[in-house]
Amino acid sequence: MHTAPRPLLTTFSQAMHARGPPGLLFPVLPLASSVLMLLMSSLWLLGAGPSLVLAPDLLLDPWQVHRLLTHVLGHTALPGLLLSLLLLPTLGWRQECHLGTLRFLHASTLLAVASGLMAVLLAGLGVSSAAGGCGYMPVHLAMLAGQGYHPRQPRGALPPWLLPWLLLALTPLLSPEPPFLQLFCGLLAGLA
């Protein structure tokens with residue numbers, strides 16, 4: 001019996017696909033999370049963090065409504081920036097790979113606006129410390145809270161629902177931004 005030799009291109013393609021997910025010839029960084037890291041770092045270097053703070057009194061101007069979304073991109077304190085940048089590869093890359101780039105961007109945008117609206121609502125009710133901050137941590141907490149109750153998540157040493165609450169408790173110890181109530185609004189947005 002004589003078998004025909006397999007074409008070299010087919011063999012190479014199969015070998016490359018065996019190393020990673022189907023359709024990728026080499027592993028790549030998740031696009032949205034990597035762009036978010038670059039954007040947050042660039043905004044920090046340009047000193048744009050204070051101009052993106054979620055300030056309820058500024059939201060009365062229709063040209064400032066962008067702050068409901070952009071407050072998560074700016075940072076005014078270096079520890080807050082470093083924590084956000086550390087958690088994007090740790091959590092964000094995995095979430096983006098799981099959800100896909102477009103769904104990850106959609107979820108991040110929706111959770112940023114939802115946590116911002118909750119913080120502004122609390123500030124409107126007289127809780128002055130609910131808004132006035134910036135940083136990506138509310139979105140991290142919201143994404144973690146949303147996936148913590150997902151039944152297909154692998155079980156680790158900690159129950160998945162405990163991780164966002166633990167991060168909520170530790171974040172104010174590591175960074176002064178965003179305010180605790182803004183972090184809590186992010187966690188509630190993820191639970192909703």
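This is a short chat about a few places in a predicted model.

Trainee: Where does histidine 71 lie?
Mentor: Histidine 71 sits in the loop between α3 (67-70) and α4 (78-99). Keep in mind that the model is predicted.

Trainee: Is histidine 71 buried or exposed?
Mentor: Buried. Its relative accessible area is 0%, and buried means under 20%.

Trainee: What does the side chain of histidine 71 reach?
Mentor: Two backbone oxygens. The one of arginine 67 is at 3.0 Å. The one of leucine 68 is at 3.1 Å.

Trainee: And which residues is histidine 71 in contact with, leaving aside neighbours within four places in sequence?
Mentor: Leu52, Val53, Leu54, Ala112, Ser115, Gly116, Gly133, Cys134, Gly135 and Gln182. Ala112, Ser115 and Gly116 in that list are also among the buried residues of α5.

Trainee: OK, on to α5. Which residues are buried there?
Mentor: Phe104, Ala107, Ser108, Leu111, Ala112, Ser115, Gly116 and Ala119.

Trainee: What should the span of helix α5 be?
Mentor: Helix α5 covers residues 101-124, which is 24 residues. At 1.5 Å a residue, they should span 34 Å. The end C-alpha atoms are 34 Å apart, so the two values agree.

Trainee: What follows α5?
Mentor: Glycine 126 does, and its phi is positive, near 105 degrees.

Trainee: New topic. Which residues make the nonpolar surface patch?
Mentor: Leu158, Leu163, Leu166, Leu170, Leu173 and Leu174. The patch is about 550 Å².

Trainee: Take leucine 173. Where is it found?
Mentor: In helix α7, residues 162-174.

Trainee: Why does leucine 173 count as exposed?
Mentor: Because its relative accessibility is 69%, and exposed means over 50%.

Trainee: What about serine 175? Buried or exposed?
Mentor: Serine 175 is buried, with a relative accessible area of 3%. It is found in the loop between α7 and α8.

Trainee: What does serine 175 touch?
Mentor: Pro79 and Gly80, not counting residues up to four places away in sequence. A polar atom of the serine 175 side chain also lies 3.0 Å from the backbone oxygen of glutamate 177.

Trainee: Glutamate 177, then. Is the peptide bond from there to proline 178 cis or trans?
Mentor: That bond is cis, with omega near -20 degrees. Proline 178 lies in the loop between α7 and α8 (180-191).

Note on methods:
Residues numbered from 1 in each chain as written. Predicted model: local features only at pLDDT ≥ 70, side-chain atom pairs only at ≥ 80, totals over all residues. Heavy atoms only, no water. Patch = residues over 30% accessible without salt bridge, like charges linked within 9 Å, V, L, I, M, F, W, Y side chains within 5 Å. Areas by Shrake-Rupley, 256 points an atom, 1.4 Å probe, with all protein chains shown as cover. Salt bridge = Lys/Arg side-chain N within 4 Å of Asp/Glu carboxyl O. Helix = DSSP H or I, 4+ residues; strand = E, 2+ residues; numbered from the N terminus. Buried < 20%, exposed > 50% of the residue type's maximum accessible area, 1.4 Å probe, protein only. Expected span 1.5 Å × (residues − 1). Polar contact = N/O pair within 3.5 Å; in protein donor to acceptor, adjacent residues only side chain to side chain. Contact = heavy atoms within 4.5 Å.
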